[in-house]
Amino acid sequence: MSNTSTTSPSPDANTLIDFADVSKWFDDFQALKNINLSVKQGERVVVCGPSGSGKSTMIRCVNQLENHQQGTIHVCGREVYGNMKQLEQVRREVGMVFQSFNLFPHMSILQNVTLAPIRNTKLSRAEANDIARHYLERVKIADQADKFPSQLSGGQQQRVAIARALAMKPRVMLFDEPTSALDPEMITEVLDVMTELAEDGMTMMVVTHEMGFAREVADRVVFMDEGRVEESCTKDEFFAGGRGERAQAFLSKIL
Ligand code: ADP
Ligand code: MG
């Protein structure tokens, strides 16, 4: 959405996500303040920051689960705003994994993964099943395909949620604290799958406080505070102490 008469130029073809001066309010409360951020093809960006700093709101604006009121957001070269057709195209390019896995409890694992491909593309059930099994294999859970979500551990359910997003063949994957609802012993299995995805070249924007993951996988670390992107630096700069005071204070609490 743009509140000016001129639309901002679309970013170059290598930029998959681009926020230009984006602000968002919930009534009177400004949750995002002039966000400028871009994610290039193949780039892995980790977003961290205190609770309430706007991380989820920002990531949800990418596929317009939240609307912004000012500035422009481009995803894969398209400006995102309230036009349903445009939005559907954007959502097809963007896979999202949430803190709570949001699987459909009454459907088998296989059905959970095939649902969107069957609805949104012209695949037959057999073709969708093949694709689903491929991605379930990739998240190392193919043997659970016929079970129901409640029969799986949290870590397994989150891996199904990742497979479900991948089955739509997105160009970008968004993760919003994908491991923070998990018991500690299940965190690694989910992070390992995400690391493999990154190694395969997936473009990723990941909200997480798992700094070991950031260290291993991120190209860039973004630190948010009070609705602002306070820092955006390369992983090496970030971990070499090139971060500012607020980021430093935050990190010293979680590390
Ligand atoms: P984070 O993910 O960094 O913890 P959020 O993006 O969830 O932060 O929230 C940022 C701020 O916006 C918080 O102050 C939160 O209370 C507020 N907020 C988030 N969602 C809503 C909403 N639906 N209505 C009103 N305020 C909201
Ligand atoms: Mg959040």
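Reader: Why is α1 largely enclosed by the rest of the structure?

Author: This is a predicted model. A residue counts as buried when its relative accessible area is under 20%. In α1 the buried residues are Lys55, Thr57, Met58, Ile59, Cys61 and Val62. The helix is largely enclosed because the residues that are buried number six of the eight.

Reader: Which residue just after α1 takes a positive phi?

Author: The helix α1 spans 55–62. Just after α1, a positive phi of about 60 degrees is found at glutamine 64.

Reader: Which element gives the most to the shell around ligand 1?

Author: The residues surrounding ligand 1 include Phe26, Phe29, Ala31, Lys55, Ser56 and Thr57. Two elements, β2 (29–40) and α1 (55–62), each supply at least two residues of this shell. With three residues, the element that gives the most is α1.

Reader: How many residues of the shell around ligand 1 are charged?

Author: Pro50, Ser51, Gly52, Ser53 and Gly54 are among the residues around ligand 1. By class the shell has six polar residues and four nonpolar ones, and the number of charged residues is one.

Reader: What distance separates an oxygen atom of ligand 1 from a polar side-chain atom of serine 56?

Author: A polar contact here is a pair of N or O atoms within 3.5 Å. Glycine 52 places a backbone N or O atom 2.7 Å from an oxygen atom of ligand 1. Lysine 55 has a side-chain N or O atom 2.7 Å from a ligand 1 oxygen atom. For the polar side-chain atom of serine 56, the distance to an oxygen atom of ligand 1 is 2.9 Å.

Reader: What percentage of the area that ligand 1 exposes alone does the protein bury?

Author: Taken alone, ligand 1 exposes 560 Å². Of that area, the share buried by the protein is 58%.

Reader: Which element gives the largest share of the lining of the largest pocket?

Author: The largest pocket holds about 690 Å³ of space. Its lining has 20 residues, of which Arg91, Val94, Ala116, Asn120 and Met168 are the closest to the centre. Two or more lining residues come from each of α2 (84–93), β6 (94–97), α3 (109–120) and α5 (154–166). The largest share, five residues, comes from α3.

Reader: How many residues in the lining of the largest pocket are nonpolar?

Author: Met, Val and Ala count as nonpolar, while Arg counts as charged. The lining has five charged and five polar residues, and its nonpolar residues number 10.

Terms used
Residues numbered from 1 in each chain as written. Chains lettered and ligands numbered in written order. Predicted model: local features only at pLDDT ≥ 70, side-chain atom pairs only at ≥ 80, totals over all residues. Heavy atoms only, no water. 1 Å grid on protein atoms, 1.4 Å probe; cavity = no way out; pocket = protein on both sides within 12 Å on 5 of 7 lines; lining within 4 Å. Points joined across faces, edges and corners; volume = space filled by probe spheres on them. Helix = DSSP H or I, 4+ residues; strand = E, 2+ residues; numbered from the N terminus. Near = heavy atom within 4 Å. Polar contact = N/O pair within 3.5 Å; in protein donor to acceptor, adjacent residues only side chain to side chain. Areas by Shrake-Rupley, 256 points an atom, 1.4 Å probe, with all protein chains shown as cover. Buried < 20%, exposed > 50% of the residue type's maximum accessible area, 1.4 Å probe, protein only.
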